[in-house]
Amino acid sequence: MAADNLPSVFDVIILGTGLSESVIAAACSRVGQRVLHVDRRSYYAGNWASFTFNGLLSWIEEYKQAGPSDEAAQEKVEEGEEALALSSLDTSITNVEVFCYASEEPEEVEEGVKDGAAAAWSVPQTPDSEGEVERCLLESSSVEEEEAVLAGDEVAQASGPDAGAEETQPEGEVPPQAYETQGEWQDEQQASPSPAESQPEPKKQITYTKIVKEGRRFNIDLVSKLMYSRGSLVDLLIKSNVSRYAEFKNVTRILTYRNGKVEQVPCSRADVFGSKQLTVVEKRMLMKFLTFCLDFEQHPEEYQDFSVHSFWDFLLTKKLTENLRHFILHSIAMVTPDVCTVEGLRATQHFLRCLGRYGNTPFLFPLYGLGEIPQCFCRMCAVFGGIYCLRQSVRCLVLDKESGKCKAVIDSNGQRISCSHFVVEDGYIGLDQRKNVDSRQISRAVLITDRSILPSDSEQQISLVTVPPVEPGSPVVRMVELCSSTMTCMPGTYLVHLTCSSSGSAREDLAPVVSRLFCIPVSPGEESKEGEEGSEVPSVLWALYFNMRDTSAVDRSSYDLPSNVHVCTSPDAALGSDHAIKLAEAVFRQLLPEEEFCPPAPNPEDIIYDGEGPQGEGPGFEEADPAEALPSQGEVESAERQEEAEDAGETGDVAKQETVAVAENEPRPASEE
Amino acid sequence: QHGRVKLKSTAQQEEEKRKEREKKLKIYVTARDAVFAKRKNGMLDDEALLLTQQLLSSNPDVATLWNYRREILLHLETIREEVDVQKMYEDELSFLESCLKVNPKSYGSWHHRGWVSARLPRPDWTRELGLCDRCLSLDDRNFHCWDYRRMVVKMSGVPVDQELQFTDRLIGSNFSNYSSWHYRSTLLPLLHPESPDHSHRVCEEQLLKEYELVQNAFFTDPNDQSAWFYYRWLLGRGMYCYVVPPLPCLTVMCPYFPGRSVSWCRDSATDQELFRSELSVEKTSVLQSELQSCNQLLELEPQNKWCLLTIILLMRALDPLGYERETLSHFQTLKEVDPMRGAYYGDLCSKFMIENTILKMEYAEVRVFSLSDKNLTTLCHLDQLLLVTHINLSSNQLLRLPPQFAMLQCLEVLEADNNAIENLEGLYHLPKLEDVSLKNNKLSRLSDLQPLASCPKLTRLDLRRNPVTQLVNIESELAELLPSVTDLLL
């Protein structure tokens with residue numbers, strides 16, 4: 001849609017498509033506000049986004065390059081008005097470093113191709129030699145294209161305004177047949193009884209070429225978070241019916257790193273019962289403590305004396321053995337030893353209350369990555385008439401001199417659009433307005449590895465790993481290992497996210513942990529070596545480090561902005577998304593104090609269509625986005641991915657594990673006995 | 001307001017729903033009437049099958065419809081080829097699956113499925129086991145499914161050890177499940193049949209494993225009774241206690257012919273064998289270590305009733321006399337932490353105290369027996385006391401002398417002061433009873449004393465501090481009721 005088609009009046013203009021902004025957009029649109037939602041990037045969700053592997057490479061290039069400096073162009077404003085320029089530069093991502101350890105040897109690829117070809121051609125009668133030749137040609141052409149992508153400057157070009165469109169191009173050109181084969185090869189590998197476990201040698205090595213070729217199977221999150229099953233995000237998804245737009249899986253294991261080993265944390269009743277590492281007395285002590293935490297407010301006598309002491313001191317008095325204290329502090333409460341007793345108890349309680357709602361751990365993970373969630377809210381906003389423009393920004397705000405309020409904005413095309421409220425992501429705010437803002441940093445690492453950190457019967461495990469400081473003074477690191485059935489990485493690989501609050505650059509903070517838990521090949525493509533104890537540790541195939549600015553703790557008053565401009569801070573370092581949701585609700589309350597926050601979306605059959613507007617004739621509620629809404633890139637993309645997933649699903653690739661429908665769960669009817 | 005989605009009002013929605021419901025009901029009733037008419041006319045055809053299917057898929061709990069369906073199927077079976085019969089029953093199974101989705105606890109559907117599976121020419125038991133697993137993973141306590149599964153296992157001959165693994169899996173995911181534990185208790189004896197020569201080597205190995213499993217359960221959650229019940233069963237396999245062997249000499253009993261002289265003798269069974277079987281050395285050590293673990297748990301959970309009760313039972317099995325004091329104090333705690341079941345604990349404790357007194361009884365003392373001041377709430381094992389001539393039950397909490405008391409045919413003197421006795425049923429036809437002391441009890445009506453009239457030799461009766469003594473004319477009434485009593489204290 002050309003920009004001059006945009007209406008010139010909106011109730012709310014929202015700049016940035018991160019989680020908080022998207023929730024606000026959905027909430028406003030749901031209650032009938034006219035919402036314009038814009039983002040200068042070519043993708044949804046800002047720093048909350050998930051990328052395909054190739055998309056991430058483009059993103060990396062974008063942040064490695066120094067962008068054009070802020071130009072202070074004089075904007076045309078009317079009398080009695082003044083212009084307040086926004087920043088056109090995103091400075092929230094720093095210290096981006098990429099390391100590739102996977103080999104790029106082409107013969108590896110060919111081996112895969114042969115296998116793939118065999119699998120593919122065994123389905124029709126006999127492979128005739130002609131077909132064989134044809135296939136090889138197809139393969140080599142696609143390899144060429146990927147190499148083109150590898151060359152840095154090509155990518156930089158692609159990160160131009162049309163990056164989104166170009167992103168899928170190379171693969172789009174590969175005839176669908178080639179894709180089919182690829183899929184089948186993967187299936188074959190999955191179906192064969194775990195070659196990795198029985199004989200590690202013949203395990204097919206995953207090359208960089210293959211990762212790039214399978215790049216669309218990756219959905220790599222910029223922020224790594226899980227959803228507490230009774231957290232505010234899940235509650236909101238249920239309440240607003242937005243949950244219907246996404247699918248979720250249970251996190252299957254809570255692990256921790258202790259005494260140089262990764263081990264499972266017993267947290268549910270079944271875990272404790274089944275644990276082989278705990279003695280029966282430890283089991284009792286742990287259960288007793290956890291049961292107490294579940295309703296600790298009812299037993300003030302147990303902890304009152306420790307209200308001024310730290311949680312750690314409190315644990316010491318509870319006759320808990322050393323490993324139990326480790327589990328509780330690092331993996332269940334997930335707090336530092338020095339937090340106060342009540343805070344530690346509350347964190348433990350939250351964890352325990354989330355247990356068992358959807359599974360044996362307290363957490364859910366959205367299929368296709370966390371970046372889906374802001375998009376789900378955007379979709380909700382669009383369904384109720386919100387208008388979306390990507391690759392479009394706001395150059396400056398138009399302030400009324402008298403009231404000091406923002407009355408309009410001038411967008412990146414120079415169009416003036418009036419609004420009553422303006423919501424903006426922190427990253428768009430210029431230096432002048434954020435002088436007093438004191439921000440922190442998050443250190444992030446993304447690894448693609450070749451096997452799980454703790455192999456088990458099932459290859460499809462989603463694990464949360466808590467890593468206490470590996471050396472005194474180093475940070476507590478949180479690690480999430482995702483398997484391919486989460487639709488975030490290609491089969492045969494694992495996607496590992498590491499997160500901590502920064503004390504230095506991301507690599508300084510996280511590389512020590514990576515080197516302890518993983519094998520980093522000295523030369524690319526080197527076979528993973530036997531670990532010291534003879535157990536094989538996962539090899540890193542590819543690694544990315546970066547820092548992200550964390551303004552979550554910043555108070556609104558620190559920004560020098562008009563009162564009807566609302567700031568959404570960047571993602572925080574916490575495991576849950578509660579901060580972003582609470583912030584969204586608070587902003588919505590300021591915007592529309594009288595209105596309900598995200599009431600349930602009505603069922604399609606309860607909607608009365610006027611018959612006048614084009615949407616009245618629409619085939620149905622789900623598909624009938626209001627006519628003005630842009631067919632957004634993100635939605636097209638996710639639809640494609642959905643199809644892809646369905647294809648994969650048919651051939652048995654995905655979904656051996658069931659997905660979780662997030663809805664108000666009723667207790668099972670008790671029967672018998 | 002601009003952009004706001006227009007919604008139907010609640011009244012509109014409800015009206016629509018009501019109409020929808022009415023329409024459905026009409027269809028349902030019509031179909032039902034059609035089915036009943038067809039059945040009346042004895043029509044066993046495909047159309048009836050289709051109609052009942054429609055009805056049952058919306059309400060699978062009409063037994064009449066299932067019965068009709070079975071009649072039809074049985075009829076069709078006789079007129080169709082085997083291939084078609086197989087197909088017919090397979091269709092029936094998939095229809096049943098959809099019924100179970102509507103109501104996974106429908107009696108009718110599960111019963112019908114069992115029937116169909118049994119009639120299927122070539123049953124696919126693996127599929128049926130899979131179905132059960134799916135149902136149990138949704139609700140591990142669905143007893144319809146458990147029942148059906150038992151049938152499937154029996155019909156398809158699933159090996160016992162595989163079934164044991166199945167219970168392992170269910171218990172692993174949630175050990176609060178009686179069905180699984182109970183199933184285990186039926187599988188283990190099949191897997192390890194005990195040889196008659198008491199060499200329990202295999203069984204003991206398995207038992208140790210089971211002890212470990214169940215300990216994990218009750219240490220994890222000591223308030224979950226399913227594990228404790230299973231533990232009791234396991235311990236029972238280790239100790240066979242509380243079995244009183246019958247005494248061969250006591251065959252003739254004629255309390256209803258007063259005046260006839262009857263001689264009683266007692267078998268000289270050693271007291272040790274009376275209330276428990278001899279434990280092998282291995283078993284004793286196993287039980288001893290179980291007692292240790294339970295004591296360990298009790299230290300952590302001093303208020304846990306299951307633990308206390310299990311400890312008491314273990315102590316009984318190991319050394320009833322040696323642990324008497326501890327047993328009593330545990331009973332005391334039990335009554336405090338679980339007052340709802342105080343009377344049960346009182347009775348159980350009385351039983352144990354009487355057993356202990358009998359065990360302690362020297363052969364010489366066999367005729368004089370004292371159970372005074374033991375907090376007894378009930379009397380039992382009276383069959384062990386047939387030769388007793390003097391019994392002292394004073395200072396307990398007895399409410400009555402039960403009918404079994406009449407077994408004490410040799411009894412001459414009864415002391416039962418300071419109880420709360422209000423009923424003397426058991427003092428009936430005791431040929432030798434001469435002296436009865438019932439000071440400070442709760443006897444309040446003259447009719448309560450009626451049984452005493454059947455004791456011919458009763459001469460002395462002490463009823464002081466009983467409400468009955470306050471009645472007017474009590475003395476003369478008693479003289480009339482009990483003419484043989486010469487020494488009456490009121």
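Predicted model: local features only at pLDDT ≥ 70, side-chain atom pairs only at ≥ 80, totals over all residues.
Student: What makes α2(B) roughly antiparallel to α3(B)?

Tutor: The axes of α2(B), residues 46-58, and α3(B), residues 63-79, cross at roughly 150 degrees and come within 10 Å. Angles over 145 count as roughly antiparallel, so α2(B) gets that label against α3(B). The crossing of the pair is left-handed, too.

Student: Which residues make that contact?

Tutor: On the α2(B) side, they include Ala48(B), Leu49(B), Leu55(B) and Leu56(B). From α3(B) come, among them, Trp66(B), Ile72(B), Leu73(B) and Leu76(B). The contact residues of α2(B) and α3(B) split into 10 nonpolar, two polar and two charged.

Student: And why is α15(B) called roughly antiparallel to α16(B)?

Tutor: Again, check the angle. Helix α15(B), residues 324-337, packs on α16(B), residues 342-360, at about 170 degrees, with the axes 9 Å apart. The cut-off is over 145, so α15(B) counts as roughly antiparallel to α16(B).

Student: What does the contact of α15(B) with α16(B) consist of?

Tutor: Eight nonpolar, three polar and three charged residues. Leu328(B), Phe331(B) and Leu334(B) are among those from α15(B), while α16(B) brings in residues including Tyr345(B), Cys349(B), Phe352(B) and Met353(B).

Student: How do α16(A) and α17(A) cross, left-handed or right-handed?

Tutor: Left-handed. The axes of α16(A), residues 322-333, and α17(A), residues 341-354, come within 9 Å and cross at roughly 65 degrees. Ser331(A), Ile332(A) and Ala333(A) of α16(A) meet Gly344(A), Ala347(A), Thr348(A) and Phe351(A) of α17(A). That set holds four nonpolar, three polar and no charged residues. Gly344(A) is in it, and Gly goes with the polar ones under the scheme used here.

Student: How do you know that Glu22(B) and Arg18(B) form a salt bridge?

Tutor: Their N to O distance is 2.8 Å, and the rule asks for a side-chain nitrogen of Lys or Arg within 4 Å of a carboxyl oxygen of Asp or Glu. The pair therefore qualifies as a salt bridge. Both sit in helix α1(B), residues 10-40, and because they are four residues apart, about one helical turn separates them.

Student: What makes Asp224(B) and Arg269(A) a salt bridge?

Tutor: Same test, this time between chains: the closest N and O atoms are 3.2 Å apart, against a limit of 4 Å. So Asp224(B) and Arg269(A) pass.

Conventions:
Residues numbered from 1 in each chain as written. Chains lettered and ligands numbered in written order. Heavy atoms only, no water. Axes fitted to C-alpha atoms, helices over the stretch in contact; angles between N-to-C directions. Helix = DSSP H or I, 4+ residues; strand = E, 2+ residues; numbered from the N terminus. Parallel < 35°, antiparallel > 145°, perpendicular 65-115°, else oblique. Left-handed = near helix turned anticlockwise from the far one by under 90°. Contact = heavy atoms within 4.5 Å.
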